[in-house]
Amino acid sequence: MNTVQSVFGGQGAEGAQFLSLMTLFTVVTTIIYLLVLAYLALALWRRRRTEHTVESGDHAAEPPPQRTALIGWVALVNTGLIVLTVASFLTDRAMARTASSPALEIEIIGHQWWWDVKYTGADPSQSLETANELHLPVGVPAHITLKSADVIHSFWVPNLAGKQDLIPGRQTDISIKPTRTGLFRSQCAEFCGVQHTHMALDVTVENRADFLRWYRAGLQPAKAPTAPLAKAGYAYVMTRQCAMCHNITGTEAGSHFGPDLTHLASRRSIAAGTLPMNRGNLYGWVADPQANKPGSKMPTLGLEPNELHAVVAYLETLK
Ligand code: CUA
């Protein structure tokens, strides 16, 4: 199954290992389950036959070889358990091997209800910050450090790997090595408040060249708007509440309370996967965030229609 959000995807090394382990567990436990049912059916059938022969005055049937059956059963169950234990151990080792040589360092901070994503490298000038989107080059092991700014969240890209919690005051981590390109969806997997459902992350796995193109574009500061309407929007964003929460690199807006907006218009969605990115949704979101995502930290500002047109026109320049 090759959908954007599926545990059966196996588009990452870890996801594929989980999938094989799950298949093995299912096969072994199904065999044991069917044997239990078969043995139960046999026992019932034998009992009925015995009762029947007693009633009709015939000699009782031979007692079944209980001892041998019991020994065989114990041996079978133990073999199954040993196979599952060894397989779990080998999967764990294989995952540790992938995690031992990361080529990409990423830090993700969970907030109610969005994801702050930072690519941290040895060279601070090459650090990149974005929000609610994660780009990964295919075949490259990435090490992701996970932190929380408020409550417990859980990072989960089912197509690529398992879950890992983000715990306040603690640092956890997960390693992901994507094996196939594609667009995936990550969903917060730990209930974290009223908008837990609307806490998604768009994941793009692409080839190295595309990833580097995206990365270099992301390092660029926002371009100054040229159209009059967008300029008016820029003025609004810089002088009103927007700049108090958001960062737009290359401008005076430098707050990190809310998601980074430097390249907002290049993303696939807004408000952490709540709405697809397009002009209509930008209008809807900026006009009334509380109607789209009740409880969100972004207040409804009550913009006048001309201010709304201007702000959306400016946001659309943030490619
Ligand atoms: Cu964050 Cu659920």
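The points below take up the domains, the contact between two of them, the record's annotations, the salt bridges and the backbone.

1. The model under discussion is predicted, and the remarks that follow should be read with that in mind. The domain assignment of the protein chain gives three parts, namely domain 1 at residues 13-99, domain 2 at 104-219 and domain 3 at 228-315.

2. An unreviewed UniProt entry lists "transmembrane region" at residues 18-42 and 70-90. In the model, residues 18-42 are 100% helix and 0% strand, with the end C-alpha atoms 36 Å apart; residues 70-90 are likewise 100% helix and 0% strand, and there the end C-alpha atoms are 30 Å apart.

3. For residues 101-217, UniProt (unreviewed entry) gives the feature "domain: Cytochrome oxidase subunit II copper A binding". The model makes this span 48% strand and 9% helix, and its end C-alpha atoms are separated by 26 Å. The feature "domain: Cytochrome c", again from an unreviewed UniProt entry, is placed at residues 228-319; that span is 43% helix and 4% strand, with 18 Å between its end C-alpha atoms.

4. How far apart are the centres of domain 2 and domain 3, taken over C-alpha atoms? The separation is 22 Å, and the contact takes 20 residues from domain 2 and 19 residues from domain 3. The size of an interface is often given as the accessible area lost when the parts come together. Between domain 2 and domain 3 the buried area is about 1,600 Å², and carbon and sulfur atoms give 47% of that area.

5. Two salt bridges are counted between domain 2 and domain 3, and glutamate 133 forms a salt bridge with arginine 267 in which the closest N and O atoms are 3.7 Å apart. The count of residue pairs in polar contact between domain 2 and domain 3, with both residues at pLDDT 80 or more, is 11. On the side of domain 2 that touches domain 3, the elements that give two or more residues are strand S3 (128-131), strand S9 (182-187), strand S10 (200-206) and helix H3 (208-219). Strand S10 provides the largest share of that side, with four residues. By class, the side of domain 2 that touches domain 3 is made up of 10 nonpolar, seven polar and three charged residues.

6. The structure holds nine salt bridges. In one of them, the side chains of lysine 147 and glutamate 107 meet at 3.2 Å, N to O. Lysine 147 belongs to strand S5 (residues 142-148) and glutamate 107 to strand S1 (residues 104-111), so this pair ties together parts that are 40 residues apart in sequence.

7. Most residues other than glycine have a negative phi, and most peptide bonds are trans. Glutamine 112 and tryptophan 113 are joined by a cis peptide bond, with omega about 0 degrees, and tryptophan 113 is found in the loop between S1 and strand S2 (114-119). Asparagine 132, although it is not a glycine, has a positive phi of about 60 degrees, and its place is in the loop between S3 and strand S4 (133-137).

Methods
Residues are numbered from 1 along each chain as its sequence is written. This is a predicted model: local features need pLDDT of at least 70, side-chain atom pairs count only at pLDDT 80 or more; totals for chains, interfaces and linings use all residues. Side-chain values use heavy atoms; hydrogens and water are left out. Domain bounds come from an automatic or database domain assignment. Contact means heavy atoms within 4.5 Å. Buried area is the accessible area (1.4 Å probe) that two parts lose on being put together, summed over both. A salt bridge is a side-chain nitrogen of Lys or Arg within 4 Å of a carboxyl oxygen of Asp or Glu. A polar contact is a pair of N or O atoms within 3.5 Å; within protein, one must be able to donate a hydrogen and the other to accept it, and residues adjacent in sequence count only if both atoms are side-chain atoms. Ala, Val, Leu, Ile, Met, Phe, Trp, Tyr, Cys and Pro count as nonpolar, Asp, Glu, Lys and Arg as charged, and the others, Gly among them, as polar. UniProt positions are given in the numbering used here, feature names are shortened, and annotations may be inferred rather than shown by experiment.
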